[in-house]
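Here are some notes to read alongside the model.

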Amino acid sequence: MEKITEKLLLEKGSPKTNKLEQIKTLNLSKMALKLEDLPVKLLSCLKSLERWDLSGNRLQEFPRRLELPALRYLDLSDNQMEDVTTLESLRALEELKMDDNLYITVSDNYKLFVLLPNLRIYNSKDVTATANHLRYVYSDNLRTRMIAVWERSFSLPDPVSAEKLSSLEKNFVSAARQQVKFGPTSVADFTKWRVEILAKEYLRSLAEPKEDSDDEAHTENNNDTDVSEVTDGPDKETSPKRKQTDTAADASISLTPRKKLRADLPESPAESSPRKFSLRLKPLAGTQSRMSPLKPNRGPSTPSKTETKAETPRRSAKVQQVKEVEKKENLSRKEAKAAQLHRNAHVLPIIKACSKTKPVSLKPLHALQCHSKQDSSDDFSTQLWACAFQPQSESSAGSRLVATCGGDSVCVIDCETGKVMKKYKVPGEEFFSLAWTTVLMSRGISAPSQPCSILAAGGKRGLVKLIYPRNNIAYGEFRASRKSLSVLRFNHRQGNFLFTGSYDNKIIMWDIGGLDKHCNFKVIQLLTLEVGTTPLHICLPPASPDTHLLTACEDGLFCYNTQLGGNSTTKRSNKMEITFPIYKMEDKQQNYHTIDGLSFLTDDVVASKSHTHGSIYLWSWSGTRSQRPDKRSGSVCAVVLAELQWAITDVPYLSLNTCPGRAYIVCGDDKGQIWTYHVTNLQKNSGQRGETIPPTEVLEWPTLMRKGLGRIEGPSINSVAMDPELYYLVALTDKNLVVIWKSEVLS
C-alpha cells in the first residue's frame, strides 16, 4: 500500500496541476486503503474535487470530518463499508456507488438517501423519487406518530434544567423508538434511526423555541399519504371558463376572469407532426424577405410623456387619485425621508448591477401559425397561452429553442430558422401552461449519468405530460388534479421538483425524479398548498426557491412557506398576503386584486401587475418580507420601488416576463403591442414619487397579411418569453400566432 501524500494526489488527480485546490478528478482505486490511510487534513485541500474513485479498497467507513464542497460523484464500490452515516458531510454529493459492499443493508441505503440531500443516482439507478419520499413524506408520517407519543406521555419539566432535559430526552427517545411502528419490518432499523433524530429535533424545538418569523407560514395536520404516479382517465368535470373579451358585455357585471375552454376542439385523433412547419404569414407586398417588418409609416416607437398621456386619458385622473390618497395619510417628514432612503437603498444596487447592460433593438423575424385545429390554415381563433425557452446547457452559449402551447398541441420552435422542430398533439386537450427543467438520466453501470432537458405541459384535463424533446418522445403523464391546470413551475435549484396550480384552488409540489435509459420514471407528491383561489402564476425567489413560493391569483398575491422537513406538515393553508397601493382605489366597479403578471427581475426585485390597473409595480421582496404581517388580515404592503407605465385595458391574463441578464421587463397588451422596459431607466426616476416611468420602447404589431383576406389587426399578447441573453423575444397571441423578434444591441 502506497502512502497518501501531496505528490501522490497530484499524480493521481486531473487536470494536471501543482495545486491540490485545482484537482477535479481523483482516482485512488485498488490501493488497499483503510480508514487510517486517508489523511483528513491533506484531503481537505481538495476544494474543487468533483469526482473521486475509491473503489476496490478496504474502507469500513468514510472519514467523518472530511468536507469536500464540490464533490458530486463518489465510487465506494467493492469495499467493506459498514457505517454509512460517516458520509453525512458530503452534502453536495449527487451520485454514489456502493456495489459489492457485503454489509450494506436496505436500511443503510435509506439512511444514505436521507443523509445526502442532493443524492440522485445510487448504484447507477435514479433514486430521486424514492429518496424524496423518505426525506419528506415518510418522515412526516413518522413525525406525526412521534408527536403523538410525546403528547400522550410526556411534557417539559418546570423549571427547565439541563439535567432534567437530558433525562427527558433519553426517556422520550427510547419510548418513541419502541412505540412508533411504520413501514415494512425490513427497514425497522432505518425507522428507529429516523425516529430518534426526529424526536431529538422536536424536543429541542420545544425546549429552545425560536422567535416567530414574520414570513413563516403556519401549518396544519396532514393525513397519512403515500402518493405515487397516478394515471387516471380524462377529466370529465366541467372545465372553468377562459377569459371573456366581448366588449359588449354588461359593464355592471363585476369581472371574474376565468380560463374559457373551447368546446369545438377536434375529438378525432390528429396525426402527430413533430417536424412539420405550419403556415408562415406573408409580409406586406413589396417585401421579399420572410421576416415581418414593423409598420413602415410609423415614427419612433418610444412614446414621449405627452404622447403617453394622450393615448391613455384615464391615467392622469388615476395618478391624481393616488396622490390624494397619499396626502390624506399625512406622513411626517421623517417618515417620508425614511421611506425614500429605504427605496433608494434597493433601487441603487439594482442600477449598479444592471449598468453594464445595454438597450436592445428588437426586429420582427418570424410569424408562425403552428397550433391550428386539425392543421387548418384558416384557424385564427385558437388561443396560445404559455411559452418558455429551453434551459441553457454547458455545451452551448444560449438557447434558440422555445416551447409554446395552446389548443391541443405543444410545439418546440427554432427561433433563428422559424422551423417547428417538434410537435406534440393530444386530441381533446387544451394546454394552458408548460415549463422546462433539467434532470439526470442514469445510463447503466458502465456509463455516468447525464443531464437532459425535459418539458412538462398541462391544461384542461388536469394531466401533466412529460416530454423528452431530444428523443422526440412523450415518455409519461400523471394526474395532478381532477380540475384543469392553470400553471406549472419547476424549482430552478432542484429540477425534479414541479409545482402545479389548478382550478380546485390548490398548488401541489411533486417530485418527478429522473429517468433511466428506458425513460422509466416515478412521481411522488410532496406538498399541498390550499390557496383558496385560482393560482395564475407561480414564482420561486431566486435566492430561496426551497423555502418560499409566491403565487399570483384571481384574488391577490400570496406567499407560502414551502420548506420541506423539520416540523412542517405536507398540507398547508396559512399564507401571507402581499397588498399594493392600488387596492385603496377599489370600489364596486373596480377590483384590482386579480394579479395576472408576476416575475422576478433580480434576487430581490419583483415585477407584478394587477388586472385593469394600467401599471406595473416593481417592489422589493426582502423589504416586503421583513415587515410584520397585520394581526387581523395576515397581510403586508409591498415595498414599491417604482411604477412602470403600461396599457389601459380590461383584458385579463396578459402576462409579463423578465430577462434578468439584460435587465429587461416585457409585457404585451390587447392591441398587439409589446411594452419593453430597460431597468436602468430607473436611475432617472428614482427620486420621483407618485409618477409612472414610461417604457423604453413599445414594439408595434408587425404588418401581417392573411392570404385573400388582408391585414391581420393586432391581437392580444397573452404571453411573452425571452432567452437569457435576449437574442430572441417570443410572443403568443389569442389568434393562433407565434411572433418572434430578434435583437440588435444598441451602442
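1. Buried means under 20% relative accessible area, exposed means over 50%, and partly exposed lies in between (1.4 Å probe, protein chains only). Helices (H or I, at least four residues) and strands (E, at least two) are DSSP runs, numbered from the N terminus. This is a predicted model: local features need pLDDT of at least 70 and side-chain atom pairs count only at pLDDT 80 or more, while totals for chains, interfaces and linings use all residues. Residues are numbered from 1 along each chain as its sequence is written, and side-chain values use heavy atoms, with hydrogens and water left out.

2. Helix H3 (residues 106–115) is mostly covered, with 8 of its 10 residues buried. Those buried residues are Ser107, Asp108, Asn109, Lys111, Leu112, Phe113, Val114 and Leu115. What covers them includes strands E5 (95–97) and E6 (121–122), together with helices H4 (128–153) and H6 (188–207). Contact here means heavy atoms within 4.5 Å.

3. A nonpolar core is a set of buried Ala, Val, Leu, Ile, Met, Phe, Trp, Tyr and Cys residues joined through side-chain atoms within 4.5 Å. The largest one has 62 residues, and Trp52, Leu74 and Leu96 have the most contacts inside it. Two or more residues come from each of helix H1 (6–12), H3, H4, helix H5 (162–179) and H6. H4 gives the most, with 8 residues.

4. Which residues does Leu74 touch, not counting residues up to four places away in sequence? They are Trp52, Leu54, Phe62, Leu87, Leu90, Leu93, Glu95, Leu96 and Lys97. A second, separate core has 23 residues, including Ala435, Leu466, Ala480 and Leu515.

5. In the model, residues 478–512 are 0% helix and 57% strand, and the end C-alpha atoms are 10 Å apart.

6. Strand E25 (residues 556–561) has 6 of its 6 residues buried. Gly556, Phe558 and Tyr560 point one way, Leu557, Cys559 and Asn561 the other way, and all are buried.

7. Two strands pair if DSSP finds at least two bridges between them. E25 pairs with strand E24 (residues 548–553) in the antiparallel sense over 6 bridges, and a hairpin through 2 residues joins E24 to E25. In this pairing Thr551 stands opposite Phe558. E25 also pairs with strand E27 (residues 576–579) in the antiparallel sense, over 3 bridges; there Leu557 stands opposite Ile578.
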